[in-house]
Amino acid sequence: MARPRSLTLPLAIDTALKRHTCQHYGKHLIEKGDQRLKVAVGRSYEHYCVACARKFIVQAIERLQELDAQLEA
């Protein structure tokens, strides 16, 4: 039997080594030592602040639940 396909991008939570802005909203600052969401995009990474990351996660969960409900119907 084949291995199930993942529907998520390569994601991780890491700690910022320097101060920088969120990739999604430039007014959000990620300070050195803050947690951030790290998303692999091609050969590089994009980093998002906790506030934006939590919104992305909630939206993704809702979307996957909608798809699951459609498959059950």
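What is the volume of the largest pocket? About 330 Å³. Before going on, this is a predicted model, where local features need pLDDT of at least 70 and side-chain atom pairs count only at pLDDT 80 or more, while totals for chains, interfaces and linings use all residues. Residues are numbered from 1 along each chain as its sequence is written, and side-chain values use heavy atoms, with hydrogens and water left out.

Now the pocket itself. On a 1 Å grid over the protein atoms alone, a pocket is an open set of points with protein on both sides within 12 Å along at least five of seven lines, and lining residues have an atom within 4 Å of a point. The volume is the space filled by probe spheres set on the points, which are joined across faces, edges and corners. Here 14 residues line the largest pocket, and Thr8, Leu9, Leu11, Phe56 and Ala60 lie nearest its centre. Strand 4 and helix 1 are the elements that give two or more residues to this lining. Helix 1 provides the largest share, 8 residues. Helices (H or I, at least four residues) and strands (E, at least two) are DSSP runs, numbered from the N terminus.

Strand 1 and strand 4 are joined by 5 bridges, and Thr15 has Gln35 of strand 4 as its bridge partner. Between strand 4 (residues 35-41) and strand 5 there are also 5 bridges. Val39 is paired with Glu46 of strand 5, and Ala40 stands opposite Tyr45. These two strands form a hairpin with 2 residues between them, and Gly42 in the turn has a positive phi of about 65°.

Which residues make up the largest nonpolar core? There are 9: Ala16, Cys22, Ile30, Leu37, Val39, Tyr48, Cys49, Cys52 and Ala53. Such a core is a set of buried Ala, Val, Leu, Ile, Met, Phe, Trp, Tyr and Cys residues joined through side-chain atoms within 4.5 Å. Buried means under 20% relative accessible area, exposed over 50%, and partly exposed in between, with a 1.4 Å probe and protein chains only. Strand 4 and helix 1 (50-72) each supply at least two core residues.

Tyr48, one of the core residues, touches Cys22, Gln23, His24, Ile30, Arg36, Leu37, Val39 and Phe56, leaving aside residues up to four places away in sequence. Contact here means heavy atoms within 4.5 Å.

Ala51, in helix 1, is partly exposed at 43% relative accessible area. Pro4, in the segment before strand 1, is exposed at 69%.

Note on methods. Two strands pair if DSSP finds at least two bridges between them. On a 1 Å grid over the protein atoms alone, a cavity is a set of points where a 1.4 Å probe fits but cannot get out, and a pocket is an open set with protein on both sides within 12 Å along at least five of seven lines; lining residues have an atom within 4 Å of a point.
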